[in-house]
Amino acid sequence: MTEEKVNLYQKEEYLYDNGLKLVCGCDEAGRGPLAGPVVVAAVVMPPLLRIEGINDSKKLSAKKREELYKVIEKNALAISVVFVYEDEIDELNIYQATKKGMLEAINKLKVKPDYSLIDAMPLSELKMPHESIIHGDAKSASIAAASIIAKVTRDHYMEKMDFKYPNYGFARHKGYCTKQHVLALEKYGPSPIHRKTYYPVSKYYNESRQLSLFDIVKTKDK
């Protein structure tokens with residue numbers, strides 16, 4: 001084993017040695033983008049399986065993520081994926097939307113975990129033994145597996161949205177705030193999948209509300 005593998009599997013091995021054989025990893029993708037959903041994945045991997053190259057999805061190339069996605073999907077004991085869409089993100093805020101998605105993803109697993117490892121988010125409402133780990137996707141193989149499932153699933157979704165809304169370049173930036181994305185917003189305005197509460201998207205809705213109020217005042221003056 002390399003040092004990386006020992007580090008990533010250390011938490012799981014401790015749990016396995018203490019009789020907790022069904023360990024769930026939970027992570028999300030898409031908290032930061034201006035458009036599209038946040039996608040949450042929960043994954044339960046077999047205790048003895050060691051996957052070559054598994055890591056935090058942000059540290060992997062797109063090609064490597066796709067390869068590992070297939071390996072995880074083939075070997076996992078259970079996978080649950082939850083989409084929390086932009087309207088709910090706007091309504092709840094991204095923190096609460098992510099929390100809701102994580103609780104739902106873990107509770108929807110077809111195999112009930114003995115223990116859950118969660119990336120960063122405190123989940124006091126979760127009715128099972130669990131631990132939230134800061135930067136958990138770089139410290140736990142189970143969380144890393146969930147991060148890969150979430151990231152690849154979301155990327156595929158945003159590529160589909162690129163066909164539906166071709167003016168924004170979603171296939172390239174996946175909804176994140178790049179220069180290309182901001183220029184497209186300036187030219188075309190927000191699409192239906194943009195998050196209205198995220199700046200600079202929010203300024204278009206603020207401007208439209210201000211214009212609407214101004215028009216009402218003008219109408220009354222007449």
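Tutor: Two strands are said to pair if DSSP finds at least two bridges between them. Please keep this in mind as we examine the structure above, which is a predicted model.

Student: What makes β1 and β4 a pair?

Tutor: Strand β1 covers residues 23-29, and strand β4 covers residues 115-119. They are joined by 4 bridges. The requirement is at least two bridges, so β1 and β4 count as paired. The two strands run parallel, and Cys26 stands opposite Ile118 in β4.

Student: In which sense do β1 and β2 pair, and over how many bridges?

Tutor: Strand β2, residues 38-44, pairs with β1 in the antiparallel sense, over 6 bridges. Ala29 stands opposite Val39 in β2, and the bridge partner of Glu28 is Val40.

Student: How do you know that β2 and β3 pair?

Tutor: There are 7 bridges between β2 and β3. The definition asks for at least two, and therefore these strands pair. Their sense is antiparallel, with Ala42 opposite Ser80 in β3.

Student: How many helices and strands does the protein chain have, counting every element?

Tutor: The protein chain has 8 helices and 5 strands. From the N terminus on, the elements run α-β-β-α-β-α-α-β-β-α-α-α-α.

Student: Why is β1 described as largely enclosed?

Tutor: A residue is buried when its relative accessible area is under 20%. In β1, 7 of the 7 residues are buried, so the strand is largely enclosed by the rest of the structure. Both of its faces are covered: Val23, Gly25, Asp27 and Ala29 are buried on one side, and Cys24, Cys26 and Glu28 on the other.

Student: What makes β2 mostly covered?

Tutor: The count is again 7 of 7 residues buried. One side of β2 carries Val38, Val40, Ala42 and Val44, the other Val39, Ala41 and Val43, and these are all buried. For the protein chain of 222 residues, the share that counts as buried is 49%.

Student: Which residues have the most contacts inside the largest nonpolar core?

Tutor: They are Ile89, Met102, Ile106, Ile118, Leu123 and Leu126, in a core of 27 residues. The elements giving two or more residues to this core are β1, β2, β3 (78-84), α4 (94-107) and α8 (201-221). The most comes from α4, with 6 residues. Apart from this core lies another, of 22 residues, among them Ala29, Tyr69, Ala150 and Val152. In soluble globular proteins, nonpolar side chains tend to be buried together.

Student: With which residues is Ile89 in contact, leaving aside its neighbours within four places in sequence?

Tutor: Contact requires heavy atoms within 4.5 Å. With those neighbours left aside, Ile89 is in contact with Gly36, Pro37, Val38, Val84, Ile94, Ala97, Arg195 and Tyr198. Concerning the protein chain as a whole, residues 24 or more positions apart account for 63% of the contacts with a separation of 6 or more.

Student: Why does Asn93 count as partly exposed?

Tutor: Partly exposed residues lie between the limit for buried, under 20%, and the limit for exposed, over 50%. The relative accessibility of Asn93 is 38%, so the residue counts as partly exposed. Asn93 is found in the loop between α3 (86-92) and α4, and has a positive phi of about 90° although it is not a glycine.

Student: What is the omega of the peptide bond from Tyr199 to Pro200?

Tutor: Omega is near 10°, and this bond is cis. Pro200 lies in the loop between α7 (179-188) and α8. Most residues other than glycine have a negative phi, and most peptide bonds are trans.

Student: How far apart do the centres of the positive and negative side chains lie?

Tutor: The centres of the two sets lie 4 Å apart, with 34 positive and 30 negative side chains in the protein chain. The chain exposes about 11,700 Å², of which carbon and sulfur atoms supply 54%. Along its principal axes, the C-alpha trace spans about 80 × 35 × 25 Å.

Methods. Residues are numbered from 1 along each chain as its sequence is written. This is a predicted model: local features need pLDDT of at least 70, side-chain atom pairs count only at pLDDT 80 or more; totals for chains, interfaces and linings use all residues. Side-chain values use heavy atoms; hydrogens and water are left out. Buried means under 20% relative accessible area, exposed over 50%, partly exposed in between (1.4 Å probe, protein chains only). Accessible areas come from the Shrake-Rupley method with a 1.4 Å probe; for residues, only the protein chains shown count as cover. Lys and Arg count as positive and Asp and Glu as negative; His and the chain ends are not counted. The place of a charge is taken as NZ of Lys, CZ of Arg, CG of Asp or CD of Glu. A nonpolar core is a set of buried Ala, Val, Leu, Ile, Met, Phe, Trp, Tyr and Cys residues joined through side-chain atoms within 4.5 Å.
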